[in-house]
Amino acid sequence: MKHILEIQNLLSSTGLQRKSGNIIYSGYETLSPGKYYFLGMNPGGHIDDRNPEEDQIITKLIKKKEYPKENEYFDGIWGNERLPGVHHHQVNIQSFFECLEIDLRTVLSTNLCFQRSPGKSKYPGGTKQMDADIEKFWPIHEYMLSVVQPKVIICNGADARDFFKKKIKPTNIETKELPEKWRGLYQKCTYFSGNLYLNSTLKDLGRVKVIATPHLTNWPNFDYYKEGVEWLKRKLSNQNYIY
């Protein structure tokens with residue numbers, strides 16, 4: 001598991017390795033060349049003060065060696081649920097990939113920021129600190145992206161989407177408005193593309209496509225997102241990235 005050791009070294013250099021959180025949500029086998037790279041904002045839920053070491057980013061990373069096939073979207077117990085994979089956010093993510101006709105278990109899954117918080121507004125130190133921590137974590141993403149070399153980056157929510165807008169500076173952004181308002185505003189699925197160069201690994205991924213959905217925890221069931229996700233699927237199909 002050479003990749004885990006490399007990520008461990010990069011994580012230690014951030015000084016954030018003992019914070020509550022997680023890096024890799026999918027099985028270890030997804031840290032290999034593939035078409036897709038999936039990420040959201042940051043691990044949710046409350047920081048677990050009862051078992052602080054167990055919930056540390058470094059501990060979760062090392063545990064990948066013991067449980068290499070574990071996938072948080074199917075095997076994790078989230079929120080107040082008693083069974084794995086049944087939280088509405090997990091179910092929406094599963095349905096999202098089913099609609100795209102992509103096997104979720106084969107996709108490297110992570111978050112833009114690896115430290116846990118019960119919502120962006122409650123991130124330790126505030127949103128400015130989150131932005132600073134994302135920059136510290138970015139070389140880890142660059143390493144994982146260099147391994148996977150994806151053709152499509154899939155974003156769960158606007159934060160990951162906007163981060164990659166800044167990174168690849170697309171010349172054209174296409175959107176599909178969803179049929180119902182959420183908190184008084186219409187939400188949109190988004191598609192764009194551009195070149196992605198990874199500075200710390202000196203790797204040029206070339207032209208990468210980015211698709212994004214409104215955060216999949218916003219709505220209690222997937223029906224809200226389905227029309228927009230089918231539009232995303234057509235966008236990818238037109239570009240020959242779904243076989």
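Is glutamate 70 buried, partly exposed or exposed? The points below take up this residue and then other parts of the model, which is a predicted one.

1. Glutamate 70 has a relative accessibility of 35%. Buried means under 20% and exposed means over 50%, so glutamate 70 counts as partly exposed.

2. As for its setting, glutamate 70 sits in the loop that runs between helix 2 (57-63) and helix 3 (72-75). Leaving aside residues up to four places away in sequence, glutamate 70 touches Tyr25, Ser26, Gly27, Lys64 and Asp75. Isoleucine 211 is 141 residues from glutamate 70 in sequence, and the C-alpha to C-alpha separation of the two is 25 Å.

3. Helix 6 covers residues 158-168, and its buried residues are Ala160, Arg161, Phe163, Phe164 and Ile168. These buried residues line one face of the helix, because they fall within an arc of 160° when seen down the axis of helix 6. The elements that cover them include helix 5 (127-148), along with strand 1 (36-40), strand 3 (152-156), strand 5 (185-198) and strand 6 (203-213). Lysine 169 follows helix 6 and has a positive phi, near 50°.

4. Helix 6 also takes part in the second largest pocket, where it provides the largest share of the lining, six residues. Helix 5 and helix 6 each contribute at least two lining residues. The space in this pocket is about 240 Å³.

5. Which residues line the second largest pocket? They are Met41, Leu112, Lys120, Asp131, Ile134, Glu135, Ala158, Asp159, Asp162, Phe163, Lys166 and Lys167. By type, seven of the lining residues are charged, five are nonpolar and none is polar. Phe163 is on this list and is also one of the buried residues of helix 6.

6. Strand 2 consists of residues 108-111 and is covered on both faces. Leu108 and Thr110 are buried on one side, and Ser109 and Asn111 are buried on the other. In a regular strand, side chains alternate between the two faces of the sheet.

7. Strand 1 and strand 2 run parallel and are joined by four bridges. Within this pairing, phenylalanine 38 has serine 109 of strand 2 as its bridge partner. Serine 109 is among the buried residues of strand 2, and strand 1 is among the elements covering the buried residues of helix 6.

Definitions and conventions
Residues are numbered from 1 along each chain as its sequence is written. This is a predicted model: local features need pLDDT of at least 70, side-chain atom pairs count only at pLDDT 80 or more; totals for chains, interfaces and linings use all residues. Side-chain values use heavy atoms; hydrogens and water are left out. Buried means under 20% relative accessible area, exposed over 50%, partly exposed in between (1.4 Å probe, protein chains only). Contact means heavy atoms within 4.5 Å. The arc is that of the directions from the helix axis to the C-beta atoms. On a 1 Å grid over the protein atoms alone, a cavity is a set of points where a 1.4 Å probe fits but cannot get out, and a pocket is an open set with protein on both sides within 12 Å along at least five of seven lines; lining residues have an atom within 4 Å of a point. Grid points are joined across faces, edges and corners, and a volume is the space filled by probe spheres set on the points. Ala, Val, Leu, Ile, Met, Phe, Trp, Tyr, Cys and Pro count as nonpolar, Asp, Glu, Lys and Arg as charged, and the others, Gly among them, as polar. Two strands pair if DSSP finds at least two bridges between them.
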